[in-house]
Amino acid sequence: IDLSTGKEVPAQVLAKRAEGAYWVLEVSDIPAMGYKALKIEVSGEEPAQVAGTNEEILENKFYKLVINKATGSISSLFDKELNQELADRQNPYNIGQAIRETSVKRDIPPFTRVSVSNVRIDKDVNGPVWESVKISADLPGFEAGIEDLPKGIVTEIRLYKNVKKVEFKFMARKLIITDPEALYVAFPFSLPDSRIVFETIGGILTQGQQLPGSSTDWNAAQNFVSVRGKRGQIVIVSNEVPLWQFSDFNMAKWERIPKQGKTWLYSYVMNNYWMTNFRAFQEGAFSWSYQLTSSADTTNTFATKYAWNERNPFPTRTFPAGVNELKVTSLETLKVTGPANAMLVNSRPAFKGKGTILLHFRELEGRNAEVNLGSAVPGQTIKKMVEVNAAGKEIGQPLKNIQLRPYEVRFIEIEF
């Protein structure tokens, strides 16, 4: 129960153990630099969670997903708000399809690619937060199952009910193999007049904007990859897999001049191609995930903030039941006001004494932005606000507000 509003918070069991369970909670309107308190009321009843209603179609007010029984992946992803099919059917692979690549001469062509077999699709769960299907399949290089009971790669596809989001949860059991191999997951998207945009370290690039001679076989995304057109964009995030190949399987192409291509994304999950001092194989159980959304909002701000929210969920702390009721159910400590294109990237104690914190701001859209800070704690005010460098050394005079130039990053120290 949200103690600030008295309303029930949507909650769904994520996993169970002997000593308890992990839950996903959909909590809104968390105060900036503060907290919101929830109360756990135990009813003695089982959670409202039943088996899914359909193995091959998931549908809500945002999306309609059609799952290909042969591949166990999404052959159609229709966005109802954009009135747009997001899956590119010209690609031989579906959205979320696992692909294994091999080569006789390690990272030298020709390459051979195969996908899953012995696919089994089962209804999974249908709860207050999401509905899902569970897909099991066999793939060479991974632990093999038996007919109708595959176990090499298991995928859970979740369609969220209250937010516009599709999630892919993968688990694979890898065999020890030293012959050259790689694993990809395909995301072939389609949007009219679109291009690939991705967040690199501290900035955002469009495919083809890289410096000549830089790496184009694969790219590292800090938080998101987007397929962006004039009418909308598709944003995909992975907390575990940073490497992507764009438009095609690009291994060993070494194209010096980067250029734009089709809006096909291939998540580069693992490989053993490297000639240096890395292990020659992967083994055991691996798990990774992707979160996907789409929107008519085509800004860097939307894509960046969605990705950062997915990769940085709210921390939680559980308190045992006590005698006294919690007197402050919602608390804000710092008021941060400004345009949406100014993002607070990080905050931490400044370690210079009691009451000092360090803030890291970034401008996202190439426009000037003004940010104002104020204390939200009764009886406390901001005594000093000054810019510092990355090492924490003051580099300017005290500030009244924060002015961000296009794409600028600034570190600000404040003292209460």
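Tutor: Gladly! Here is a first term: a residue is buried under 20% relative accessible area, exposed over 50%, and partly exposed in between (1.4 Å probe, protein chains only). This is a predicted model, where local features need pLDDT of at least 70, side-chain atom pairs count only at pLDDT 80 or more, and totals for chains, interfaces and linings use all residues. Residues are numbered from 1 along each chain as its sequence is written, and side-chain values use heavy atoms, with hydrogens and water left out.

Student: Then why is K80 called partly exposed?

Tutor: K80 has a relative accessible area of 32%. That value lies between the limits of 20% and 50%, so K80 is partly exposed. E59 has a relative accessibility of 43%, so E59 is partly exposed too.

Student: What makes K80 and E59 a salt bridge?

Tutor: The term asks for a side-chain nitrogen of Lys or Arg within 4 Å of a carboxyl oxygen of Asp or Glu. Between K80 and E59, the N to O distance is 2.8 Å, so the pair qualifies.

Student: Why is this pair said to link distant parts of the chain?

Tutor: K80 is in the loop between β6 (73-79) and β7 (84-85), while E59 is in strand β4 (residues 57-59), and 21 residues separate them.

Student: How many salt bridges does the structure hold?

Tutor: It holds 23. Another one of them joins the side chains of R120 and D122, at 3.0 Å from N to O. R120 is partly exposed at 32% relative accessible area, and D122 is partly exposed at 23%. There is also a network: D79, E81 and K164 are joined by salt bridges that share partners.

Student: Which residues line the largest cavity?

Tutor: Among them are T71, G72, V116, I135 and F170. At least two lining residues come from each of β8 (97-105), β11 (130-138) and β12 (153-160).

Student: Why does the lining count as having no charged residues?

Tutor: Asp, Glu, Lys and Arg are the residues that count as charged; Ala, Val, Leu, Ile, Met, Phe, Trp, Tyr, Cys and Pro are nonpolar, and the others, Gly among them, are polar. The lining divides into six nonpolar, six polar and no charged.

Student: How do you know that β27 and β29 pair?

Tutor: Two strands pair if DSSP finds at least two bridges between them. Strand β27 (residues 369-375) and β29 are joined by three bridges and run antiparallel, so they pass the test. Within this pair, E370 stands opposite Q403 in β29.

Student: Why is that sheet called open, with β24 and β29 at its edges?

Tutor: The order is β24-β27-β29, with antiparallel pairing. β24 (334-337) and β29 (402-404) each have a single partner strand, so one side of each is left without a neighbour in the sheet.

Student: Which partners does β30 have, and how many bridges join them?

Tutor: Seven bridges join strand β26 (residues 356-363) to strand β30 (residues 409-415), and five join strand β28 (residues 384-388) to β30. Both counts reach two, so these are pairs as well. L359 stands opposite I412, and K384 has E415 as its bridge partner.

Methods:
On a 1 Å grid over the protein atoms alone, a cavity is a set of points where a 1.4 Å probe fits but cannot get out, and a pocket is an open set with protein on both sides within 12 Å along at least five of seven lines; lining residues have an atom within 4 Å of a point. Helices (H or I, at least four residues) and strands (E, at least two) are DSSP runs, numbered from the N terminus.
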